[in-house]
Amino acid sequence: MLEAGKDNTFVTVTTVAKIRKEFNEGPGNCRSASVLDRRVFGHDRMTIVEKLLGWSSGTEKVSPGMIVESRRLDLVLVNDVTGPLAIDQFRKIGVERVFDPSKIALVMDHYAPNKDVMSAAQCTMLREFAREMGIKSFWEIGRCGIEHVLLPESGLVKPGMIIVGADSHTCTYGALGAFATGIGSTEAAVAMATGKCWFRVPESQLHRIDGRLGRYVTSKDVILTVIGKIGVEGASYMSMEFSGSTVRAMSVDSRATMCNMAIEAGAKCGVVEPDETTIRYVAERTAKPIRVENLCSDEDCTYAARFEFDARTIEPVVALPPLPSNCVPAADASHVEIDQAFLGSCTNGKLEDLCIAAELLKGEKVNPRVRMIVIPATWRIYREAMQRGYLSIFLDAGACVSCPTCGPCLGGHMGVLADGEVCVSSTNRNFVGRMGSTKSEVYLASPATVAASAITGHITDPRTIR
Amino acid sequence: MIGRAHIFADNVNTDIIIPAAYLNTYDPLILGKHAMEGIDPGFSSRVKSGDIIVAGCNFGCGSSREHAPIAIKSCGISAVVASSFARIFYRNAINIGLPALVSPDSGSAEDGDELEILMEKGAIRNLTRQETYRFAPMPGFLLAILNDGGLLEHTRKRLGR
(Lines give C-alpha, C1' and ligand atoms only; values in the text may rest on other atoms or scores of the structure.)
Protein backbone atom coordinates (compact mmCIF):
# COMPACT_ATOMS: atom_id res chain seq x y z
CA MET A 1 0.00 0.00 0.00
CA LEU A 2 1.26 3.45 -0.85
CA GLU A 3 1.79 6.05 1.83
CA ALA A 4 -1.30 8.16 2.39
CA GLY A 5 -0.78 11.89 2.06
CA LYS A 6 -1.11 12.69 5.74
CA ASP A 7 2.34 14.10 6.12
CA ASN A 8 1.98 16.48 3.24
CA THR A 9 4.45 19.04 4.52
CA PHE A 10 6.65 21.37 2.60
CA VAL A 11 8.77 23.02 5.30
CA THR A 12 11.47 21.71 7.58
CA VAL A 13 10.75 20.04 10.87
CA THR A 14 12.82 22.59 12.78
CA THR A 15 10.73 25.43 11.45
CA VAL A 16 7.57 23.61 12.42
CA ALA A 17 8.79 23.02 15.96
CA LYS A 18 9.73 26.67 16.31
CA ILE A 19 6.43 27.92 14.97
CA ARG A 20 4.40 25.55 17.08
CA LYS A 21 6.28 26.64 20.21
CA GLU A 22 5.47 30.25 19.46
CA PHE A 23 1.92 29.37 18.61
CA ASN A 24 1.37 27.54 21.88
CA GLU A 25 3.11 30.03 24.06
CA GLY A 26 1.61 33.07 22.43
CA PRO A 27 2.92 36.57 21.96
CA GLY A 28 3.13 37.34 25.66
CA ASN A 29 5.62 34.56 26.33
CA CYS A 30 7.65 34.68 23.21
CA ARG A 31 10.41 37.22 22.71
CA SER A 32 10.59 36.89 18.96
CA ALA A 33 6.84 36.76 18.79
CA SER A 34 5.90 35.99 15.21
CA VAL A 35 2.34 35.49 16.45
CA LEU A 36 1.04 39.02 16.49
CA ASP A 37 -2.59 38.35 15.77
CA ARG A 38 -4.63 37.03 18.68
CA ARG A 39 -8.38 36.65 18.43
CA VAL A 40 -10.40 35.87 21.50
CA PHE A 41 -13.98 34.74 21.01
CA GLY A 42 -16.54 34.80 23.81
CA HIS A 43 -19.16 32.38 25.14
CA ASP A 44 -22.61 33.64 24.35
CA ARG A 45 -24.63 30.74 22.98
CA MET A 46 -23.23 31.30 19.51
CA THR A 47 -22.14 28.99 16.71
CA ILE A 48 -18.61 29.26 15.36
CA VAL A 49 -19.76 31.27 12.34
CA GLU A 50 -21.81 33.65 14.50
CA LYS A 51 -18.70 34.23 16.61
CA LEU A 52 -16.57 34.95 13.54
CA LEU A 53 -19.07 37.40 12.06
CA GLY A 54 -19.65 39.02 15.44
CA TRP A 55 -15.94 39.47 15.99
CA SER A 56 -15.25 40.89 12.56
CA SER A 57 -18.11 43.37 12.76
CA GLY A 58 -17.42 44.46 16.30
CA THR A 59 -20.79 43.16 17.48
CA GLU A 60 -20.66 41.14 20.68
CA LYS A 61 -23.75 39.05 20.14
CA VAL A 62 -25.10 38.31 16.71
CA SER A 63 -27.94 36.04 15.69
CA PRO A 64 -29.20 34.65 12.38
CA GLY A 65 -30.87 37.22 10.13
CA MET A 66 -28.84 40.17 11.39
CA ILE A 67 -26.98 42.12 8.74
CA VAL A 68 -23.43 42.91 9.80
CA GLU A 69 -20.52 44.60 8.10
CA SER A 70 -17.20 42.91 8.36
CA ARG A 71 -14.80 45.76 8.97
CA ARG A 72 -11.55 43.97 8.42
CA LEU A 73 -11.45 41.31 5.77
CA ASP A 74 -8.39 39.09 6.08
CA LEU A 75 -8.28 37.96 2.48
CA VAL A 76 -9.96 38.92 -0.80
CA LEU A 77 -9.52 36.48 -3.67
CA VAL A 78 -10.17 36.83 -7.39
CA ASN A 79 -9.23 34.57 -10.30
CA ASP A 80 -8.64 34.99 -14.03
CA VAL A 81 -12.38 34.75 -14.80
CA THR A 82 -13.76 36.98 -12.05
CA GLY A 83 -10.67 39.17 -11.53
CA PRO A 84 -10.60 41.17 -14.78
CA LEU A 85 -14.15 42.43 -14.24
CA ALA A 86 -13.32 43.14 -10.59
CA ILE A 87 -10.25 45.13 -11.61
CA ASP A 88 -12.28 47.07 -14.18
CA GLN A 89 -14.89 47.87 -11.53
CA PHE A 90 -12.16 48.74 -8.99
CA ARG A 91 -10.80 51.38 -11.34
CA LYS A 92 -14.26 52.90 -11.72
CA ILE A 93 -14.66 53.33 -7.95
CA GLY A 94 -12.07 56.08 -8.06
CA VAL A 95 -9.63 54.94 -5.35
CA GLU A 96 -5.93 54.77 -6.11
CA ARG A 97 -4.84 51.78 -4.05
CA VAL A 98 -6.24 48.54 -2.67
CA PHE A 99 -6.98 48.61 1.07
CA ASP A 100 -4.06 46.28 1.89
CA PRO A 101 -1.97 44.55 -0.81
CA SER A 102 -0.99 41.78 1.62
CA LYS A 103 -4.64 40.78 1.97
CA ILE A 104 -5.41 40.27 -1.70
CA ALA A 105 -4.76 37.15 -3.75
CA LEU A 106 -4.90 36.94 -7.54
CA VAL A 107 -4.93 33.41 -8.93
CA MET A 108 -4.74 32.41 -12.59
CA ASP A 109 -6.36 29.00 -12.71
CA HIS A 110 -9.59 28.80 -14.70
CA TYR A 111 -8.30 29.45 -18.23
CA ALA A 112 -4.63 29.24 -17.37
CA PRO A 113 -2.21 28.37 -18.85
CA ASN A 114 -3.83 30.71 -21.37
CA LYS A 115 -6.47 28.90 -23.36
CA ASP A 116 -6.80 31.49 -26.14
CA VAL A 117 -6.06 35.12 -26.93
CA MET A 118 -9.00 36.44 -24.91
CA SER A 119 -8.10 34.45 -21.81
CA ALA A 120 -4.48 35.50 -22.25
CA ALA A 121 -5.65 39.11 -22.03
CA GLN A 122 -7.53 38.32 -18.82
CA CYS A 123 -4.41 36.82 -17.22
CA THR A 124 -2.41 39.86 -18.31
CA MET A 125 -4.85 42.10 -16.43
CA LEU A 126 -4.15 40.18 -13.20
CA ARG A 127 -0.41 40.30 -13.80
CA GLU A 128 -0.42 44.06 -14.32
CA PHE A 129 -2.71 44.70 -11.37
CA ALA A 130 -0.46 42.63 -9.08
CA ARG A 131 2.55 44.65 -10.15
CA GLU A 132 0.82 48.01 -9.93
CA MET A 133 -0.68 47.39 -6.49
CA GLY A 134 2.28 45.50 -5.03
CA ILE A 135 0.24 42.36 -4.46
CA LYS A 136 2.57 39.53 -3.46
CA SER A 137 0.00 36.74 -3.47
CA PHE A 138 0.22 36.30 -7.21
CA TRP A 139 1.89 33.30 -8.75
CA GLU A 140 3.19 32.94 -12.27
CA ILE A 141 2.36 29.78 -14.23
CA GLY A 142 4.73 27.09 -13.00
CA ARG A 143 4.27 28.16 -9.40
CA CYS A 144 0.52 28.60 -9.50
CA GLY A 145 -2.34 26.17 -8.97
CA ILE A 146 -6.05 25.88 -8.28
CA GLU A 147 -6.95 28.69 -5.90
CA HIS A 148 -8.74 26.73 -3.18
CA VAL A 149 -5.88 24.29 -2.82
CA LEU A 150 -3.09 26.79 -3.45
CA LEU A 151 -4.08 29.36 -0.81
CA PRO A 152 -4.35 26.97 2.17
CA GLU A 153 -1.19 25.20 1.00
CA SER A 154 0.64 28.55 0.85
CA GLY A 155 -0.26 29.32 4.46
CA LEU A 156 -2.62 32.16 3.57
CA VAL A 157 -5.70 30.61 5.19
CA LYS A 158 -5.87 30.47 8.98
CA PRO A 159 -8.44 29.77 11.66
CA GLY A 160 -10.34 32.88 12.72
CA MET A 161 -10.08 34.62 9.35
CA ILE A 162 -12.83 36.34 7.38
CA ILE A 163 -12.35 35.61 3.70
CA VAL A 164 -14.31 36.57 0.59
CA GLY A 165 -13.53 35.30 -2.87
CA ALA A 166 -14.97 35.89 -6.30
CA ASP A 167 -15.44 32.17 -6.74
CA SER A 168 -18.29 30.11 -5.35
CA HIS A 169 -15.97 27.44 -3.91
CA THR A 170 -14.35 29.98 -1.59
CA CYS A 171 -16.40 28.17 1.08
CA THR A 172 -13.58 25.57 1.05
CA TYR A 173 -11.58 27.56 3.61
CA GLY A 174 -14.09 26.84 6.35
CA ALA A 175 -12.20 23.56 6.68
CA LEU A 176 -9.55 25.55 8.56
CA GLY A 177 -12.00 27.31 10.88
CA ALA A 178 -12.32 30.48 8.80
CA PHE A 179 -15.52 32.18 7.69
CA ALA A 180 -15.24 32.12 3.92
CA THR A 181 -17.82 32.73 1.25
CA GLY A 182 -18.19 33.44 -2.44
CA ILE A 183 -19.09 36.85 -3.86
CA GLY A 184 -19.18 38.38 -7.34
CA SER A 185 -16.70 40.59 -9.14
CA THR A 186 -18.22 43.98 -8.31
CA GLU A 187 -18.40 43.07 -4.65
CA ALA A 188 -14.78 41.86 -4.81
CA ALA A 189 -13.83 45.22 -6.33
CA VAL A 190 -15.45 47.06 -3.44
CA ALA A 191 -13.85 44.66 -0.95
CA MET A 192 -10.43 45.31 -2.50
CA ALA A 193 -11.03 49.05 -2.25
CA THR A 194 -12.51 49.20 1.26
CA GLY A 195 -11.61 45.97 3.06
CA LYS A 196 -15.26 45.65 4.00
CA CYS A 197 -18.20 43.46 3.07
CA TRP A 198 -21.71 43.00 4.43
CA PHE A 199 -23.14 39.65 5.48
CA ARG A 200 -26.46 38.37 6.65
CA VAL A 201 -25.64 36.20 9.67
CA PRO A 202 -26.62 32.70 8.50
CA GLU A 203 -28.57 30.07 10.36
CA SER A 204 -26.34 27.10 11.15
CA GLN A 205 -26.93 23.45 10.34
CA LEU A 206 -25.02 20.82 12.25
CA HIS A 207 -23.90 17.74 10.35
CA ARG A 208 -22.48 15.25 12.78
CA ILE A 209 -20.73 12.25 11.28
CA ASP A 210 -19.48 9.56 13.62
CA GLY A 211 -17.64 6.29 13.18
CA ARG A 212 -14.97 4.97 10.92
CA LEU A 213 -15.27 5.21 7.16
CA GLY A 214 -14.97 1.95 5.29
CA ARG A 215 -12.23 1.00 2.85
CA TYR A 216 -12.23 3.26 -0.21
CA VAL A 217 -14.95 5.44 1.29
CA THR A 218 -13.72 9.04 1.35
CA SER A 219 -14.84 12.48 2.49
CA LYS A 220 -16.21 12.99 -1.06
CA ASP A 221 -18.63 10.12 -0.48
CA VAL A 222 -19.60 11.69 2.84
CA ILE A 223 -20.40 15.11 1.39
CA LEU A 224 -22.27 13.64 -1.60
CA THR A 225 -24.29 11.57 0.88
CA VAL A 226 -25.04 14.69 2.95
CA ILE A 227 -26.14 16.68 -0.12
CA GLY A 228 -28.15 13.67 -1.29
CA LYS A 229 -30.03 13.82 1.98
CA ILE A 230 -30.69 17.56 2.21
CA GLY A 231 -30.85 18.51 -1.49
CA VAL A 232 -29.31 21.29 -3.59
CA GLU A 233 -31.30 23.89 -1.66
CA GLY A 234 -31.06 22.04 1.65
CA ALA A 235 -28.74 24.55 3.26
CA SER A 236 -29.62 27.70 1.30
CA TYR A 237 -28.12 30.82 2.86
CA MET A 238 -26.98 28.73 5.87
CA SER A 239 -23.72 27.65 7.39
CA MET A 240 -23.02 23.91 7.23
CA GLU A 241 -21.00 22.91 10.25
CA PHE A 242 -19.33 19.50 10.08
CA SER A 243 -18.41 17.69 13.28
CA GLY A 244 -18.20 14.25 14.84
CA SER A 245 -15.46 11.66 15.21
CA THR A 246 -15.29 10.97 11.46
CA VAL A 247 -14.54 14.62 10.68
CA ARG A 248 -12.09 14.86 13.59
CA ALA A 249 -10.17 11.92 12.15
CA MET A 250 -9.97 13.51 8.69
CA SER A 251 -6.99 15.39 7.28
CA VAL A 252 -7.44 19.08 6.51
CA ASP A 253 -7.54 18.14 2.82
CA SER A 254 -10.44 15.74 3.39
CA ARG A 255 -12.31 18.34 5.43
CA ALA A 256 -11.68 20.84 2.63
CA THR A 257 -13.43 18.52 0.16
CA MET A 258 -16.52 18.60 2.38
CA CYS A 259 -16.56 22.38 2.94
CA ASN A 260 -15.83 22.91 -0.77
CA MET A 261 -19.15 21.34 -1.71
CA ALA A 262 -21.26 23.17 0.91
CA ILE A 263 -22.20 25.57 -1.92
CA GLU A 264 -23.74 22.64 -3.81
CA ALA A 265 -26.37 22.49 -1.06
CA GLY A 266 -26.84 26.26 -1.43
CA ALA A 267 -24.88 27.05 1.74
CA LYS A 268 -23.18 30.34 2.42
CA CYS A 269 -20.26 28.55 4.01
CA GLY A 270 -19.02 25.24 5.35
CA VAL A 271 -17.04 25.10 8.55
CA VAL A 272 -15.12 22.71 10.78
CA GLU A 273 -14.00 23.74 14.26
CA PRO A 274 -10.23 24.13 14.29
CA ASP A 275 -8.36 21.49 16.29
CA GLU A 276 -4.84 20.06 16.63
CA THR A 277 -4.97 18.84 13.02
CA THR A 278 -5.78 22.37 11.83
CA ILE A 279 -3.15 24.01 13.99
CA ARG A 280 -0.50 21.61 12.77
CA TYR A 281 -1.47 22.13 9.14
CA VAL A 282 -1.26 25.91 9.48
CA ALA A 283 1.94 25.89 11.55
CA GLU A 284 3.64 23.83 8.86
CA ARG A 285 2.80 26.43 6.25
CA THR A 286 3.10 29.90 7.77
CA ALA A 287 5.41 31.79 10.06
CA LYS A 288 2.52 34.02 11.10
CA PRO A 289 -0.30 31.93 12.54
CA ILE A 290 -3.29 33.59 14.19
CA ARG A 291 -3.79 32.62 17.79
CA VAL A 292 -7.47 31.90 18.30
CA GLU A 293 -9.21 31.25 21.59
CA ASN A 294 -12.60 29.66 22.04
CA LEU A 295 -13.24 29.44 18.32
CA CYS A 296 -15.89 26.75 18.61
CA SER A 297 -19.66 26.47 18.71
CA ASP A 298 -20.96 26.90 22.26
CA GLU A 299 -22.76 23.88 23.67
CA ASP A 300 -25.97 25.85 24.08
CA CYS A 301 -25.89 27.51 20.65
CA THR A 302 -28.87 27.25 18.30
CA TYR A 303 -28.89 25.17 15.14
CA ALA A 304 -31.63 25.49 12.53
CA ALA A 305 -31.30 21.74 11.97
CA ARG A 306 -29.19 18.84 13.12
CA PHE A 307 -28.31 15.82 11.02
CA GLU A 308 -26.52 12.69 12.12
CA PHE A 309 -24.71 10.20 9.91
CA ASP A 310 -23.17 6.86 10.74
CA ALA A 311 -19.92 6.68 8.79
CA ARG A 312 -20.08 2.88 8.73
CA THR A 313 -23.20 3.00 6.56
CA ILE A 314 -21.73 5.41 4.00
CA GLU A 315 -20.75 3.72 0.73
CA PRO A 316 -18.87 4.84 -2.36
CA VAL A 317 -21.49 6.91 -4.18
CA VAL A 318 -21.98 8.86 -7.39
CA ALA A 319 -24.21 11.87 -8.08
CA LEU A 320 -26.17 11.27 -11.27
CA PRO A 321 -26.55 14.15 -13.74
CA PRO A 322 -27.72 16.88 -13.60
CA LEU A 323 -27.64 17.65 -9.85
CA PRO A 324 -25.05 17.03 -7.11
CA SER A 325 -27.90 15.81 -4.89
CA ASN A 326 -28.76 12.82 -7.13
CA CYS A 327 -26.74 10.53 -4.91
CA VAL A 328 -26.85 6.74 -5.40
CA PRO A 329 -24.44 3.92 -4.47
CA ALA A 330 -21.75 3.61 -7.16
CA ALA A 331 -22.67 -0.07 -7.43
CA ASP A 332 -26.18 0.92 -8.58
CA ALA A 333 -24.78 2.91 -11.51
CA SER A 334 -22.48 0.15 -12.78
CA HIS A 335 -24.43 -0.04 -16.04
CA VAL A 336 -23.19 3.45 -16.99
CA GLU A 337 -20.37 3.27 -19.51
CA ILE A 338 -17.91 6.15 -19.50
CA ASP A 339 -15.84 7.97 -22.11
CA GLN A 340 -13.74 10.07 -19.75
CA ALA A 341 -12.53 9.76 -16.17
CA PHE A 342 -11.36 12.99 -14.61
CA LEU A 343 -9.31 13.25 -11.45
CA GLY A 344 -8.58 16.78 -10.28
CA SER A 345 -10.20 20.13 -9.34
CA CYS A 346 -10.38 22.18 -6.13
CA THR A 347 -12.55 19.41 -4.70
CA ASN A 348 -10.29 16.42 -5.30
CA GLY A 349 -6.96 17.33 -6.90
CA LYS A 350 -4.97 16.99 -3.69
CA LEU A 351 -2.12 14.69 -2.83
CA GLU A 352 -4.27 12.23 -0.88
CA ASP A 353 -6.67 12.08 -3.84
CA LEU A 354 -3.86 11.22 -6.24
CA CYS A 355 -2.56 8.72 -3.68
CA ILE A 356 -5.76 6.69 -3.43
CA ALA A 357 -6.18 6.71 -7.23
CA ALA A 358 -2.56 5.59 -7.71
CA GLU A 359 -3.09 2.77 -5.26
CA LEU A 360 -5.97 1.47 -7.38
CA LEU A 361 -4.26 2.06 -10.73
CA LYS A 362 -0.91 0.54 -9.79
CA GLY A 363 -0.19 -2.24 -12.27
CA GLU A 364 -3.56 -1.70 -13.99
CA LYS A 365 -4.50 -0.18 -17.33
CA VAL A 366 -7.09 2.44 -18.15
CA ASN A 367 -9.82 0.79 -20.23
CA PRO A 368 -9.02 1.14 -23.97
CA ARG A 369 -12.34 2.93 -24.59
CA VAL A 370 -11.67 5.47 -21.83
CA ARG A 371 -9.44 8.53 -21.57
CA MET A 372 -8.33 9.36 -18.07
CA ILE A 373 -7.15 12.89 -17.25
CA VAL A 374 -5.28 13.60 -14.03
CA ILE A 375 -4.64 17.17 -12.89
CA PRO A 376 -2.71 17.75 -9.67
CA ALA A 377 -4.18 20.91 -8.13
CA THR A 378 -0.88 22.72 -7.55
CA TRP A 379 2.75 22.43 -8.55
CA ARG A 380 3.74 21.39 -5.02
CA ILE A 381 1.31 18.51 -5.29
CA TYR A 382 2.55 17.77 -8.79
CA ARG A 383 6.15 17.57 -7.60
CA GLU A 384 5.31 15.50 -4.54
CA ALA A 385 3.19 13.11 -6.62
CA MET A 386 6.12 12.77 -9.01
CA GLN A 387 8.57 12.03 -6.21
CA ARG A 388 6.24 9.46 -4.68
CA GLY A 389 5.85 7.71 -8.01
CA TYR A 390 2.13 8.39 -8.50
CA LEU A 391 2.62 10.13 -11.83
CA SER A 392 4.51 7.12 -13.22
CA ILE A 393 1.65 4.89 -12.12
CA PHE A 394 -0.84 7.12 -13.98
CA LEU A 395 1.33 7.27 -17.11
CA ASP A 396 1.97 3.52 -17.06
CA ALA A 397 -1.77 2.96 -16.80
CA GLY A 398 -2.31 5.07 -19.90
CA ALA A 399 -3.70 8.19 -18.21
CA CYS A 400 -2.81 11.73 -19.21
CA VAL A 401 -1.31 14.03 -16.57
CA SER A 402 -1.81 17.74 -17.16
CA CYS A 403 -0.58 20.86 -15.43
CA PRO A 404 -2.62 22.58 -12.69
CA THR A 405 -5.80 24.26 -13.99
CA CYS A 406 -9.54 24.28 -13.27
CA GLY A 407 -10.00 23.67 -17.04
CA PRO A 408 -12.11 20.53 -17.47
CA CYS A 409 -14.25 21.00 -14.33
CA LEU A 410 -16.10 23.95 -15.84
CA GLY A 411 -15.92 22.78 -19.44
CA GLY A 412 -13.26 25.38 -20.06
CA HIS A 413 -10.40 23.52 -21.73
CA MET A 414 -8.11 20.48 -21.36
CA GLY A 415 -10.89 17.88 -21.33
CA VAL A 416 -14.14 19.27 -22.73
CA LEU A 417 -16.90 16.72 -23.50
CA ALA A 418 -18.58 16.19 -26.91
CA ASP A 419 -22.28 15.47 -27.56
CA GLY A 420 -23.36 12.23 -25.95
CA GLU A 421 -20.19 11.69 -23.93
CA VAL A 422 -20.15 10.57 -20.32
CA CYS A 423 -17.57 11.52 -17.72
CA VAL A 424 -17.07 10.23 -14.19
CA SER A 425 -15.46 13.11 -12.40
CA SER A 426 -13.96 13.97 -9.03
CA THR A 427 -15.28 17.54 -9.42
CA ASN A 428 -18.18 19.34 -7.77
CA ARG A 429 -20.89 20.06 -10.34
CA ASN A 430 -22.74 17.88 -12.83
CA PHE A 431 -25.14 20.48 -14.23
CA VAL A 432 -26.27 20.26 -17.86
CA GLY A 433 -23.29 21.22 -20.02
CA ARG A 434 -20.98 21.75 -17.08
CA MET A 435 -18.03 19.96 -18.67
CA GLY A 436 -18.82 20.77 -22.28
CA SER A 437 -21.70 19.89 -24.59
CA THR A 438 -25.20 20.29 -23.18
CA LYS A 439 -25.72 16.76 -24.48
CA SER A 440 -22.90 15.31 -22.35
CA GLU A 441 -23.28 13.87 -18.85
CA VAL A 442 -21.23 14.13 -15.68
CA TYR A 443 -21.30 11.69 -12.76
CA LEU A 444 -19.65 13.07 -9.63
CA ALA A 445 -17.59 10.63 -7.61
CA SER A 446 -14.61 10.20 -5.30
CA PRO A 447 -11.06 9.81 -6.64
CA ALA A 448 -11.23 6.10 -5.79
CA THR A 449 -14.44 5.60 -7.77
CA VAL A 450 -13.01 7.62 -10.69
CA ALA A 451 -9.89 5.42 -10.76
CA ALA A 452 -11.87 2.19 -10.46
CA SER A 453 -14.24 3.28 -13.23
CA ALA A 454 -11.32 4.24 -15.49
CA ILE A 455 -10.05 0.66 -15.24
CA THR A 456 -13.35 -1.08 -15.98
CA GLY A 457 -14.83 1.45 -18.40
CA HIS A 458 -18.07 1.76 -16.46
CA ILE A 459 -18.99 3.27 -13.10
CA THR A 460 -17.46 1.01 -10.52
CA ASP A 461 -17.48 0.68 -6.73
CA PRO A 462 -13.73 0.76 -5.93
CA ARG A 463 -14.14 -1.96 -3.31
CA THR A 464 -14.81 -4.44 -6.10
CA ILE A 465 -11.38 -3.75 -7.66
CA ARG A 466 -9.10 -4.31 -4.69
CA MET B 1 -41.83 48.36 -15.10
CA ILE B 2 -43.89 46.35 -17.64
CA GLY B 3 -42.68 43.36 -19.67
CA ARG B 4 -43.52 39.93 -20.98
CA ALA B 5 -42.81 36.88 -18.84
CA HIS B 6 -40.27 34.24 -19.80
CA ILE B 7 -40.85 31.16 -17.65
CA PHE B 8 -38.09 28.88 -16.34
CA ALA B 9 -38.15 25.89 -14.00
CA ASP B 10 -36.34 25.19 -10.69
CA ASN B 11 -32.56 25.15 -10.18
CA VAL B 12 -31.57 27.23 -13.21
CA ASN B 13 -27.81 27.30 -12.70
CA THR B 14 -25.13 29.74 -13.80
CA ASP B 15 -23.61 27.25 -16.25
CA ILE B 16 -26.77 27.32 -18.33
CA ILE B 17 -27.37 31.05 -17.84
CA ILE B 18 -23.96 31.74 -19.36
CA PRO B 19 -21.89 28.70 -20.39
CA ALA B 20 -18.22 28.75 -19.34
CA ALA B 21 -17.11 28.95 -22.97
CA TYR B 22 -17.93 32.67 -22.81
CA LEU B 23 -16.06 33.42 -19.58
CA ASN B 24 -12.99 34.59 -21.46
CA THR B 25 -14.70 37.97 -21.71
CA TYR B 26 -16.81 40.22 -19.52
CA ASP B 27 -18.13 42.38 -22.34
CA PRO B 28 -21.88 42.78 -21.60
CA LEU B 29 -22.77 42.84 -25.31
CA ILE B 30 -21.13 39.47 -25.99
CA LEU B 31 -22.50 37.95 -22.77
CA GLY B 32 -25.99 39.25 -23.52
CA LYS B 33 -26.06 37.46 -26.86
CA HIS B 34 -25.51 34.14 -25.11
CA ALA B 35 -27.85 34.60 -22.14
CA MET B 36 -29.61 31.36 -21.13
CA GLU B 37 -27.93 29.61 -24.07
CA GLY B 38 -27.34 26.43 -22.07
CA ILE B 39 -31.06 25.86 -21.59
CA ASP B 40 -32.73 27.92 -24.34
CA PRO B 41 -30.57 28.78 -27.37
CA GLY B 42 -32.08 31.78 -29.13
CA PHE B 43 -33.46 33.22 -25.89
CA SER B 44 -31.56 36.45 -26.24
CA SER B 45 -32.95 37.18 -29.73
CA ARG B 46 -36.54 36.68 -28.49
CA VAL B 47 -36.22 39.04 -25.53
CA LYS B 48 -37.72 42.49 -25.91
CA SER B 49 -36.29 45.23 -23.75
CA GLY B 50 -38.11 45.26 -20.41
CA ASP B 51 -39.09 41.57 -20.40
CA ILE B 52 -39.10 39.68 -17.12
CA ILE B 53 -37.79 36.23 -16.19
CA VAL B 54 -40.09 34.25 -13.90
CA ALA B 55 -38.53 31.10 -12.45
CA GLY B 56 -38.90 28.45 -9.78
CA CYS B 57 -36.69 27.90 -6.79
CA ASN B 58 -32.91 28.24 -6.40
CA PHE B 59 -32.47 30.47 -9.45
CA GLY B 60 -28.81 31.17 -10.25
CA CYS B 61 -27.32 28.31 -8.26
CA GLY B 62 -23.73 27.32 -8.93
CA SER B 63 -20.85 29.60 -9.73
CA SER B 64 -20.16 33.13 -8.50
CA ARG B 65 -19.77 34.44 -12.05
CA GLU B 66 -21.27 37.92 -12.22
CA HIS B 67 -21.33 37.25 -15.96
CA ALA B 68 -24.67 35.48 -15.31
CA PRO B 69 -26.75 38.48 -14.16
CA ILE B 70 -24.80 40.70 -16.58
CA ALA B 71 -25.82 38.45 -19.50
CA ILE B 72 -29.45 38.52 -18.37
CA LYS B 73 -29.52 42.28 -17.89
CA SER B 74 -27.62 42.98 -21.09
CA CYS B 75 -30.01 41.01 -23.29
CA GLY B 76 -32.84 43.29 -22.16
CA ILE B 77 -34.37 41.59 -19.12
CA SER B 78 -35.51 44.20 -16.58
CA ALA B 79 -36.03 41.94 -13.54
CA VAL B 80 -35.87 38.33 -12.42
CA VAL B 81 -38.73 37.00 -10.30
CA ALA B 82 -38.23 33.60 -8.64
CA SER B 83 -39.59 31.51 -5.78
CA SER B 84 -36.09 31.66 -4.34
CA PHE B 85 -32.56 32.59 -5.39
CA ALA B 86 -29.13 31.13 -4.78
CA ARG B 87 -27.37 33.65 -2.58
CA ILE B 88 -24.40 34.67 -4.72
CA PHE B 89 -26.58 35.26 -7.78
CA TYR B 90 -28.95 37.33 -5.65
CA ARG B 91 -26.13 39.55 -4.38
CA ASN B 92 -24.62 39.86 -7.84
CA ALA B 93 -27.93 40.83 -9.42
CA ILE B 94 -28.56 43.62 -6.92
CA ASN B 95 -24.91 44.70 -7.16
CA ILE B 96 -25.19 45.26 -10.92
CA GLY B 97 -28.61 46.92 -10.61
CA LEU B 98 -30.80 44.02 -11.80
CA PRO B 99 -33.86 43.62 -9.53
CA ALA B 100 -34.13 40.06 -8.14
CA LEU B 101 -37.54 39.59 -6.53
CA VAL B 102 -38.47 36.68 -4.29
CA SER B 103 -42.06 35.73 -5.05
CA PRO B 104 -43.12 32.15 -4.30
CA ASP B 105 -46.67 32.79 -5.55
CA SER B 106 -45.62 33.89 -9.05
CA GLY B 107 -45.80 30.27 -10.23
CA SER B 108 -49.10 30.67 -12.06
CA ALA B 109 -47.65 33.11 -14.58
CA GLU B 110 -47.18 31.69 -18.08
CA ASP B 111 -44.86 32.37 -20.96
CA GLY B 112 -45.76 35.62 -22.69
CA ASP B 113 -47.98 37.01 -19.91
CA GLU B 114 -47.70 40.73 -19.50
CA LEU B 115 -46.41 41.62 -16.04
CA GLU B 116 -46.15 44.93 -14.25
CA ILE B 117 -43.78 45.23 -11.30
CA LEU B 118 -44.76 47.76 -8.65
CA MET B 119 -41.53 48.05 -6.66
CA GLU B 120 -42.91 50.29 -3.91
CA LYS B 121 -45.97 48.14 -3.36
CA GLY B 122 -44.09 44.84 -3.32
CA ALA B 123 -46.46 43.52 -5.96
CA ILE B 124 -46.36 42.08 -9.46
CA ARG B 125 -49.53 42.46 -11.51
CA ASN B 126 -50.20 39.87 -14.18
CA LEU B 127 -52.10 42.04 -16.68
CA THR B 128 -52.89 39.06 -18.89
CA ARG B 129 -54.48 36.96 -16.14
CA GLN B 130 -55.65 39.71 -13.81
CA GLU B 131 -53.65 38.22 -10.92
CA THR B 132 -51.38 39.83 -8.37
CA TYR B 133 -48.29 38.23 -6.86
CA ARG B 134 -46.54 39.52 -3.76
CA PHE B 135 -42.77 39.70 -3.45
CA ALA B 136 -40.71 39.89 -0.28
CA PRO B 137 -39.71 43.46 0.55
CA MET B 138 -36.00 44.14 0.17
CA PRO B 139 -34.01 45.38 3.16
CA GLY B 140 -33.52 49.15 2.96
CA PHE B 141 -29.80 49.07 2.32
CA LEU B 142 -30.22 46.66 -0.61
CA LEU B 143 -32.91 48.88 -2.07
CA ALA B 144 -30.49 51.78 -1.73
CA ILE B 145 -27.87 49.87 -3.75
CA LEU B 146 -30.47 49.06 -6.40
CA ASN B 147 -31.75 52.64 -6.52
CA ASP B 148 -28.22 53.95 -6.93
CA GLY B 149 -27.89 51.71 -9.99
CA GLY B 150 -25.67 49.08 -8.40
CA LEU B 151 -22.94 48.61 -5.81
CA LEU B 152 -20.30 50.47 -7.82
CA GLU B 153 -22.32 53.67 -8.01
CA HIS B 154 -23.45 53.18 -4.42
CA THR B 155 -19.85 52.86 -3.20
CA ARG B 156 -18.71 55.87 -5.21
CA LYS B 157 -21.48 57.85 -3.55
CA ARG B 158 -20.52 56.52 -0.10
CA LEU B 159 -16.87 57.42 -0.64
CA GLY B 160 -17.81 60.83 -2.08
CA ARG B 161 -16.19 60.15 -5.48
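The model is predicted: local features need pLDDT of at least 70, side-chain atom pairs count only at pLDDT 80 or more, and totals for chains, interfaces and linings use all residues. Residues are numbered from 1 along each chain as its sequence is written, and chains are lettered from A and ligands numbered from 1 in the order in which they are written.

Next, select L206(A) together with R306(A), its bridge partner in β13(A).

Now display the whole open sheet of 4 strands, whose order is β11-β10-β9-β13 (chain A) with parallel pairing; two strands pair if DSSP finds at least two bridges between them. At the edges lie β11 (269-271) and β13 (305-310) of chain A, each pairing on one side only. From one strand to the next, the twist averages 20 degrees.

Axes are lines fitted to C-alpha atoms, for helices over the stretch in contact, with angles from 0 to 180 degrees between N-to-C directions; residues are in contact if their C-beta atoms, placed from the backbone, lie within 7 Å.

Finally, select helices α7 (residues 219-230) and α9 (residues 252-260) of chain A, which pack at about 25 degrees with axes 9 Å apart. This angle makes α7(A) roughly parallel to α9(A) (under 35 degrees).

Definitions and conventions: Helix = DSSP H or I, 4+ residues; strand = E, 2+ residues; numbered from the N terminus. Parallel < 35°, antiparallel > 145°, perpendicular 65-115°, else oblique.
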